[in-house]
Amino acid sequence: MADQATASIGINASPREIVDVIADFASYPQWAGYIKRVEVLSTGEHGRPERVSFVLDAGVVKADYVLTYTWDEDDAHSVVSWSLAEGSLKKNDGSYDILATDNASEVTYSLAVDLGVPMLGMFKRKAEKVIMDTALKELKRRVEGSA
């Protein structure tokens with residue numbers, strides 16, 4: 001599953017408010033679907049997480065992995081990007097591209113992930129949908145619920 005998937009959603013918050021929720025990795029197990037444990041391993045010069053360890057348990061798919069993050073923040077447009085540093089996945093590269101609109105933001109989520117296990121096409125599409133739904137709908141719920 002290494003093809004890149006992209007989806008977008010509107011969120012009633014500023015790019016900075018959305019980035020703050022994305023950066024709050026300790027809270028992910030409360031809202032981010034199959035994420036069971038998260039640990040920030042290091043932070044960058046601006047205090048944002050730079051290396052983050054995840055434990056994922058989605059029933060048949062279990063994974064431990066470390067992502068490295070870059071943060072490009074602005075009041076009007078922010079981009080949070082990550083790439084796989086190590087772990088049981090073959091690939092996990094993606095981004096949240098957050099653009100301010102009138103009283104809200106448009107969030108575009110892109111992800112290229114390879115779980116490292118063979119999957120039939122229909123299961124691959126189902127996994128992509130679950131990941132996208134969590135990444136966008138649950139982020140929207142979390143941001144708007146805490147704003």
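Predicted model: local features only at pLDDT ≥ 70, side-chain atom pairs only at ≥ 80, totals over all residues.
User: Where is confidence lowest, and where is it highest?

Analyst: The score to read is pLDDT, the predictor's confidence in each residue, from 0 to 100. The protein averages 88, and 87% of the residues score at least 70. Helix H3 (residues 121-146) has the lowest confidence, with a mean of 78, while strand S5 (residues 77-87) has the highest, at 97.

User: Which elements does the protein have, and in what order do they run?

Analyst: Helices (H or I, at least four residues) and strands (E, at least two) are DSSP runs, numbered from the N terminus. Here there are 3 helices and 7 strands, running β-α-α-β-β-β-β-β-β-α from the N terminus on.

User: In what order do the strands form the sheet?

Analyst: Two strands pair if DSSP finds at least two bridges between them. In this model the 7 strands form an open, antiparallel sheet in the order S1-S7-S6-S5-S4-S3-S2. Strand S1 (4-11) and strand S2 (35-43) are at the edges with a single partner each, so one side of each has no neighbour in the sheet. On average, neighbouring strands are turned by 20 degrees against each other, direction ignored. For such angles, axes are lines fitted to C-alpha atoms, for helices over the stretch in contact, and angles run from 0 to 180 degrees between N-to-C directions. Helix H1 (residues 15-23) packs on this sheet, touching S1, strand S3 (49-58), S4, S5, S6 and S7, and its direction makes about 155 degrees with that of S6.

User: How many bridges join S3 to S4?

Analyst: There are 8 bridges between S3 and S4, with Phe-54 standing opposite Tyr-65 in S4. S2 and S3 are joined by 7 bridges, and Val-40 is opposite Val-52 in S3. S5 and strand S6 (residues 91-101) run antiparallel with 6 bridges.

User: Which residues touch the most other members of the largest nonpolar core?

Analyst: In soluble globular proteins, nonpolar side chains tend to be buried together. A nonpolar core is a set of buried Ala, Val, Leu, Ile, Met, Phe, Trp, Tyr and Cys residues joined through side-chain atoms within 4.5 Å. Buried means under 20% relative accessible area, exposed over 50%, partly exposed in between (1.4 Å probe, protein chains only). The largest core here has 39 residues, of which Phe-54, Tyr-96 and Leu-139 touch the most other members. Strand S4 (residues 61-72) gives the most to this core, with 6 residues. Counting contact as heavy atoms within 4.5 Å, and leaving aside neighbours within four places in sequence, Phe-54 is in contact with residues including Phe-25, Tyr-28, Ile-35 and Leu-67.

User: Is Tyr-109 buried or exposed?

Analyst: Tyr-109 counts as buried because its relative accessibility is 6%. This residue is in strand S7 (residues 104-114). Beyond four places in sequence, its contacts include Trp-82, Tyr-96, Ile-131 and Leu-136.

User: What does the side chain of Ser-78 reach?

Analyst: A polar contact is a pair of N or O atoms within 3.5 Å; within protein, one must be able to donate a hydrogen and the other to accept it, and residues adjacent in sequence count only if both atoms are side-chain atoms. The side chain of Ser-78 reaches the backbone oxygen of Asp-74 at 3.1 Å. Ser-78 lies in S5 and counts as buried because its relative accessibility is 1%. Its bridge partner in S6 is Ile-98.

User: Which residue has a positive phi although it is not a glycine?

Analyst: Most residues other than glycine have a negative phi. Asn-103 has a positive phi of about 60 degrees; this residue lies in the loop between S6 and S7 and counts as exposed because its relative accessibility is 77%. A glycine with positive phi is found in the hairpin of S2 and S3, with 5 residues between the strands, where Gly-47 has a phi near 85 degrees.

Note on methods. Residues numbered from 1 in each chain as written. Heavy atoms only, no water.
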